[in-house]
Amino acid sequence: MLSVKSPVYYFGIITVSTSRYYNKNKEDKSGLLASAMIRNYGHKVCCRRLVPDDKLAIISSITGLLLSYKPDALVLIGGTGPSKTDFTDEAVRSLSEKLLYGLSEEFRRRSYEKLGSAGLLGNMTVGLLGDSAILALPGSPDAVEEGLKIFMESLHHIIGVRRGLGHERNNVG
């Protein structure tokens, strides 16, 4: 039997946190968790950034990393809730050529199962820009873990279809 090797994808990680941005001594547990998970799935982290909760800073960081590193996927952590300073979802939506609502709905379903109505306040947004996927997750380690699991289940198919390989070549219907 032939063994098909899964491709290695390159990820960028942006942590969106004003408190961590201005206090570099605060540990970025969610960013470290995301890095470890990405590596455990067999992929590589090519770049990491820390930005404050500022829409222009988030947009600038997204576009800068996409242009400089051309990652297959970019993960943003934090800034997806109902606070007046949460702008990550809006930044991702404003840059995306297409949004993948099904992954967000699955995240919300699983969050509701675990947390009840509080699980509906954090958002997971998945957008596509060029050949890259952009994933925005809430800042808690539990949300990062659950959201990355959902995203990783579809990563190969998303990237393959986006790059013109079609559904058939991705072994998915």
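Biologist: What covers the buried residues of H3?

Modeller: Helices (H or I, at least four residues) and strands (E, at least two) are DSSP runs numbered from the N terminus. Contact means heavy atoms within 4.5 Å. The cover of the buried H3 residues includes strands S1 (10-16), S2 (44-51), S3 (73-77), S5 (125-129) and S6 (132-137), together with helix H4 (88-95). This is a predicted model, in which local features need pLDDT of at least 70 and side-chain atom pairs count only at pLDDT 80 or more, while totals for chains, interfaces and linings use all residues. Residues are numbered from 1 along each chain as its sequence is written, and side-chain values use heavy atoms, with hydrogens and water left out.

Biologist: Which residues of H3 are buried?

Modeller: Buried means under 20% relative accessible area, exposed over 50%, and partly exposed in between (1.4 Å probe, protein chains only). In H3, Ile58, Ser61, Ile62, Leu65 and Leu66 are buried. They lie on the same side of H3 because their arc around the axis, taken from the directions to the C-beta atoms, is only 120°. On the other side, Leu56, Leu67 and Ser68 are exposed.

Biologist: Which residues touch the most other members of the largest nonpolar core?

Modeller: In soluble globular proteins, nonpolar side chains tend to be buried together. A nonpolar core is a set of buried Ala, Val, Leu, Ile, Met, Phe, Trp, Tyr and Cys residues joined through side-chain atoms within 4.5 Å. Here the largest has 27 residues, and Phe11, Val75, Met124, Leu135, Leu148, Phe151 and Leu155 touch the most other members. H6 supplies its largest share, nine residues.
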